[in-house]
Amino acid sequence: MTAERFEVIVVGSGAGGGVVAGELAERGRNVLLLEAGGHYTAADFTRWESRAGHDFWWPLRFAFPAGESNLGPVVLIGGRCVGGSTVINTKVALRASQRELDKWHAATGVGLNREDLDPYYERVERYLGVRERTDDWDLKPCVQTAKRGFEAVGANLEPTRAYTDHNCFQCGSCLQGCPTNAGKSTMNTYIHNNWRAGHLTLRPRCTVQRALIEDGEATGVEYIDATGQTKQVHADATVVACGSLSTPLLLKRSHVPNPNVGRHLGLHPAQFVFGLFDEPQDAHMVAPITSHCFDFAADADGGFAVEAVTVQDPIGFTVSLCDENGPMWGQPLVDAANLYRRWVGLLNMSNDDNNASATLDDEGNERFTADFQPVELDRINAAREFSTRVLEAAGASRILWSGLATTHMQGSCRMGADPATSVVDPDCQSHEIKRLYVGDSSLHARTLSVNPSLTIMALAARLAEHLDSGAGGQLEAPRSEQLVA
């Protein structure tokens, strides 16, 4: 064993951990950032789908139904690389509504309002250059086809906001990493800006086994490094930010004694619906999410959102393609794949009520369970029916769809006022273990109806500010005050 010491250790480099580490390093703090995946840059992002799935993504995980369900397992997708899922997502940047924050308050008593979060949203948006894609969202035939369908059913389709700059040429390779650095992941912004300047220690391919806990305080972590050696490193504060699937499992391996760890997991289940058109649409050569419809986002209005347009690359498109007979295979699947350029996809995201869970079995293996209730199933079905109507109104001659998948896992270590209903307090510190913080989507008390990455980043910026202020007594006075003194 070897031991080092930092002011802050951050585990995970995605939307949460990358922002926490970058913000603290920028303030002069001595930060170690540990990432289980490799360190890849734009030169590695060549839209080689199978390689990206192997190198940049976590091996696919599944949330299996808790009871009888004709939906099958939910595919859980996440990034496993420096920058985490921000490297392989579509960079959609949307703020949570007050309606959704009210649901958080009802669930755990956390009293966050939009006026509390807006300064952090604004900070992140400035840093990443978030823009509304009004100038380039409908350049491609597939988007114009989708617009026609939404207009025909009386629904609003609007350009989305995203953390992409004008180097985006709509090549469609977001899920395999951005080859032009137009997509602003935490890797090519918060992390690189501070790592290259020498303010941040970054260690990829390091798998954290547990947080080190002594007398009710976190003192650091134990991890296996890139060479296979087990090491321990110590810090004044430890931030666990390895995603809503891995964060609760790390806390469980660390024996954090809170029964809510791993409970209340929200999946924000997503489903593709594809329409076949007579002319090539080339929906694979467009920003994967150019626009959206939130007419039905509130639970009372239907409880789902629709993003347009999209089609997965060929492997992803074919492996989960379904028709009225179930999963497709054989010649019908070959025939559908041969018409690849003529499909237009809509992506439905349905509100769920955080009934999923993440746990470890008796052998220490991870296990994820989806327990959709009837109201949640109704939302999923309503979303598919609506997207089918849109595509048919646009002129689609055939409709296919995918199984359920998600990249928006949230809520397995909820933030709240009461340890009986939450895992961490409103400052993101464990109720039971001092100096141990959570800094990712696990904090969300309820699943958002919008893409969660901007909210994850805003909460991470808030956490970094709290830690640097010394308000919790975990760190010394802010570095700027120390320098003045």
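**A hairpin and its surroundings**

Tutor: Start with β18 and β19, which form a hairpin with five residues between them, and look in its turn for G364, whose phi is positive at about 85°. This is a predicted model, in which local features need pLDDT of at least 70 and side-chain atom pairs count only at pLDDT 80 or more, while totals for chains, interfaces and linings use all residues. Residues are numbered from 1 along each chain as its sequence is written, and side-chain values use heavy atoms, with hydrogens and water left out.

Strand β18 covers residues 357-360 and strand β19 covers residues 366-370, and the two pair in the antiparallel sense over four bridges. Strands here are DSSP runs of E with at least two residues, helices are runs of H or I with at least four, and both are numbered from the N terminus; two strands pair if DSSP finds at least two bridges between them. To place the two strands against each other, find L360, which stands opposite E366 in β19.

Turn next to strand β9 (residues 207-214), which is joined to β10 by seven bridges, the two running antiparallel. The bridge partner of R210 is E222 in β10. These strands also form a hairpin, with two residues between them, and D215 in the turn has a positive phi of about 50°. On from there, β10 pairs with strand β11 (residues 230-240) in the antiparallel sense over five bridges, and V221 stands opposite V233 in β11. The hairpin of β10 and β11 has five residues between the strands, and in it G228 takes a positive phi near 90°. Strand β10 itself (residues 217-224) is largely enclosed by the rest of the structure, because six of its eight residues are buried; buried means under 20% relative accessible area, exposed means over 50%, and partly exposed lies in between, with a 1.4 Å probe and protein chains only.

Some backbone angles deserve a separate look. Most residues other than glycine have a negative phi, and most peptide bonds are trans. Q170, although it is not a glycine, has a positive phi of about 55°; this residue lies in the loop between β7 (161-162) and α6 (187-195), and Q170 is buried with a relative accessible area of 4%. C428, again a residue other than glycine, has a positive phi near 75°, sits in the loop between β21 (405-406) and β22 (436-438), and is buried with a relative accessible area of 0%. The peptide bond from A308 to V309 is cis, with omega near -20°, and V309 belongs to strand β14 (residues 304-310).

Finally, consider the interior. A nonpolar core is a set of buried Ala, Val, Leu, Ile, Met, Phe, Trp, Tyr and Cys residues joined through side-chain atoms within 4.5 Å. The largest one has 129 residues, and those with the most contacts inside it are W104, F150, L251 and M415. Helix α11 (residues 453-469) gives the most to this core, with 10 residues. A second, separate core has 15 residues, including L267, A356, F372 and L404. V75 and P269 are 194 residues apart in sequence and 9.1 Å apart in space, C-alpha to C-alpha.
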